[in-house]
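Dear colleague,

Please find below the structure that I am handing over to you. My notes on what was found in it follow directly after.

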Amino acid sequence: MSNSTGGGGGTSRFRSTTTGGNISKLAESADGVDPFIQVSYKVPGGSGTTITETTTVSGTTTQQLTIKCDVVKSQTVSVAVDGSSIPSNPTSVTSDTANFYTISQTNLQLSELILEITDDEDSSIVTTSTTNLFQTPLTVFPSVAQNYRNFIVYATEDIPVRITLDGACGKGRGSFNGGLGGRTVFDYTLLANTEYVFKLSRVNDNVLGGPGSFFYEKGTLLVVSGGGGSAGDGGNGGNGGAAGIRGSAGGGSNSGSGGSGFLNGTLPSNGVLPSGRTGGRVEPCTTGYYWPTQGKSPCEDLGKVQFFTANGDASSGSTSSITRGFKSDLPYSNGNYGFRFNGGSSTFGRGGGGSGATGGDATSDGQGGGGGGSGYSNGSVTIVSTGTVTNVNTAGDPSPGLVKIELRT
């Protein structure tokens with residue numbers, strides 16, 4: 001540890017942990033100058049290779065502390081303020097510990113993922129942010145106000161990723177629980193300058209069950225995790241299915257059936273709208289509301305253009321540097337396939353079906369729970385695992401649709 005000069009100036013602290021071997025401090029700067037800490041350690045193994053790394057700290061006598069390291073690694077850092085020279089309060093205060101990541105220029109370029117959020121109808125809603133997956137995964141889930149948003153990700157280089165896609169849970173009622181959303185974990189490589197769209201939502205009431213979560217490469221549907229059905233007066237909602245798994249039937253008497261499943265790549269080319277309590281079926285490519293009037297077919301690319309709403313308005317602020325193909329639509333019943341709310345609708349105020357590749361059916365009398373929506377994969381991704389999510393709140397605000405994107409190394 002090296003203390004700065006000046007009345008109670010900041011102190012830098014460095015900590016590094018290795019598996020096996022010993023760490024020994026080789027050098028440390030004197031007080032009054034920007035300090036550095038140099039350590040040497042041996043990599044565990046037969047012969048052991050000696051590695052020397054240097055962490056340099058600057059700005060210790062200012063309000064801005066700068067730290068850099070000459071190797072790619074992660075470590076922790078904290079700041080201690082020495083108050084021993086203050087007679088009235090001779091104490092020291094240590095800050096919270098923060099993570100400090102050192103990455104190479106290669107990691108910086110190959111790991112950055114840009115998130116662009118747009119709206120199906122409002123062209124003024126565009127927000128962007130950048131996440132370096134080498135440092136932290138990107139996790140996205142919608143608020144209730146974001147049920148018609150498009151969560152678009154893209155990169156300037158190919159990025160191998162592992163994606164966890166969760167369907168939303170259905171709403172509970174009394175002592176009965178809503179169905180759990182399906183969870184699909186899969187590996188995929190996001191191609192450079194290509195549009196990838198996640199359609200995520202959360203349940204608003206239990207007339208409909210939990211929404212499914214959908215992953216598109218441009219206009220082509222790659223993966224679905226089904227949403228859970230909502231509970232009825234006398235039964236739980238059925239669970240949504242992960243990729244390749246049909247939805248489960250709701251519990252209790254006269255409950256809704258789960259959405260039927262499809263083998264990889266066998267989803268029929270035409271979608272089916274839900275009809276009353278009977279769930280519908282999503283289409284394998286996006287038809288949209290505006291783009292058909294421009295002669296674009298569902299699976300066709302749109303070129304490098306900004307995102308367009310279902311009404312044909314370009315979303316100001318959206319990028320035109322990526323190849324797009326996703327075609328937005330108006331929600332039911334004005335549009336064709338809307339936001340993929342294709343679970344059966346309950347007329348009893350409870351027991352609605354979950355949405356998915358195929359939506360679950362709703363209860364026939366309000367007693368049983370709604371069926372869960374089915375999951376799906378078109379076969380392009382590598383499935384790692386399938387299952388269901390953990391519902392953190394079964395009555396007030398069930399778990400929403402969610403996606404987590406991690407760098408795969």
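Lys199 is buried, with a relative accessible area of 0%, where buried means under 20% relative accessible area, exposed over 50% and partly exposed in between (1.4 Å probe, protein chains only). Asp120, at 1% relative accessibility, also counts as buried. These two residues form a salt bridge, their closest N and O atoms being 3.2 Å apart; the term stands for a side-chain nitrogen of Lys or Arg within 4 Å of a carboxyl oxygen of Asp or Glu. The pair links distant parts of the chain, 79 residues apart: Lys199 is in strand S16 (residues 196-199), and Asp120 is in the loop between S10 and strand S11 (126-132). Strands (E, at least two residues) and helices (H or I, at least four) are DSSP runs, numbered from the N terminus.

Please note that this is a predicted model, in which local features need pLDDT of at least 70 and side-chain atom pairs count only at pLDDT 80 or more, while totals for chains, interfaces and linings use all residues. Residues are numbered from 1 along each chain as its sequence is written, and side-chain values use heavy atoms, with hydrogens and water left out.

By the rule given above, the count of salt bridges comes to twelve. Another of them joins the side chains of Asp119 and Arg149 at 2.8 Å, N to O. Asp119 lies in strand S10 and Arg149 in strand S13 (residues 149-154), so this pair ties together parts that are 30 residues apart in sequence. Asp119 is buried at a relative accessible area of 9%, and Arg149 counts as buried at 14%.

A further salt bridge connects Arg324 with Glu116 (2.9 Å, N to O). Here the partners are 208 residues apart, with Arg324 in strand S20 (residues 323-324) and Glu116 in strand S10 (residues 112-119). Both Arg324 and Glu116 are buried. Through shared partners, salt bridges join Glu116, Glu195 and Arg324 into one network.

The model also contains an open sheet of five strands in the order S12-S23-S14-S15-S22, with antiparallel pairing; two strands pair if DSSP finds at least two bridges between them. Strand S12 (138-140) and strand S22 (382-388) stand at the edges with a single partner strand each, so one side of each has no neighbour in the sheet. Strand S15 (residues 182-190) runs antiparallel to S22, and six bridges join them. Within this pairing, Val185 stands opposite Ser385 in S22.

With kind regards
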